[in-house]
Amino acid sequence: MDKIMIVEGLTDKKEIKKILMEHVTIICTHGTLGIEELDEMIETYDLDHRDVYIFVDQDDSGEMIRKQLQHELPNAKHLYVSGQYREVATTPAHILATELLSKGFKVNPFFLL
């Protein structure tokens with residue numbers, strides 16, 4: 001079964017996709033999630049029965065999304081960027097690759113250098 005990763009924006013998705021060496025469905029929240037959007041996302045992607053990973057920014061909006069998703073998807077696994085970079089999209093690729101690898105993702109070894 002495919003892994004699902006939830007990120008905030010399209011730039012985050014693009015950065016992660018270039019590092020991954022496996023198929024992962026990446027869902028963008030595009031900022032905050034309303035109850036209806038969250039319920040629809042959970043149902044559409046069957047998130048209660050999938051391996052879900054949450055990789056959002058280390059800022060106020062990212063933390064709000066993380067808490068909301070953690071409440072609705074308690075079995076989801078969390079990936080983090082350093083507070084030094086704060087945003088997934090601006091974190092150097094080798095650091096993103098290391099975090100992804102630490103959670104069992106297959107990454108392009110080029111990005112681990």
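Guide: Let's start with axes: these are lines fitted to C-alpha atoms, for helices over the stretch in contact, and angles run from 0 to 180 degrees between N-to-C directions. Helices (H or I, at least four residues) and strands (E, at least two) are DSSP runs, numbered from the N terminus. This is a predicted model, where local features need pLDDT of at least 70, side-chain atom pairs count only at pLDDT 80 or more, and totals for chains, interfaces and linings use all residues. Residues are numbered from 1 along each chain as its sequence is written, and side-chain values use heavy atoms, leaving out hydrogens and water.

Visitor: What makes α2 oblique to α3?
Guide: Their axes come within 12 Å and cross at roughly 50°. Under 35 degrees would be roughly parallel, over 145 roughly antiparallel, 65 to 115 roughly perpendicular, and the rest is oblique. So α2 is oblique to α3.

Visitor: Which residues of α2 and α3 meet there?
Guide: L38, M41 and I42 in α2 meet Q68, L69 and E72 in α3, with contact meaning heavy atoms within 4.5 Å. By class, that contact has 4 nonpolar, 1 polar and 1 charged residues. Here Ala, Val, Leu, Ile, Met, Phe, Trp, Tyr, Cys and Pro count as nonpolar, Asp, Glu, Lys and Arg as charged, and the others, Gly among them, as polar.

Visitor: Why is K14 called exposed?
Guide: Buried is under 20% relative accessible area, exposed is over 50%, and partly exposed is in between (1.4 Å probe, protein chains only). K14, found in helix α1, has 59% relative accessibility, so it counts as exposed.

Visitor: How do you know that the buried residues of α1 line one face?
Guide: Those buried residues are D12, E15, I16 and I19. Seen down the axis of α1, they fall within an arc of 95°, so they line one face of the helix; the arc is that of the directions from the helix axis to the C-beta atoms. L10 and K14 are exposed on the other side. The cover over the buried residues of α1 includes β1, β2, β3 and α4.

Visitor: Why is D46 only partly exposed?
Guide: D46 has a relative accessible area of 34%, so it counts as partly exposed. D46 sits in the loop between α2 and β3 and has a positive phi of about 50° although it is not a glycine.

Visitor: And what makes R86 partly exposed?
Guide: R86 has 44% relative accessibility, hence that label. R86 is in the loop between β4 and α4, and its phi is near 65°, a positive value in a residue other than glycine.
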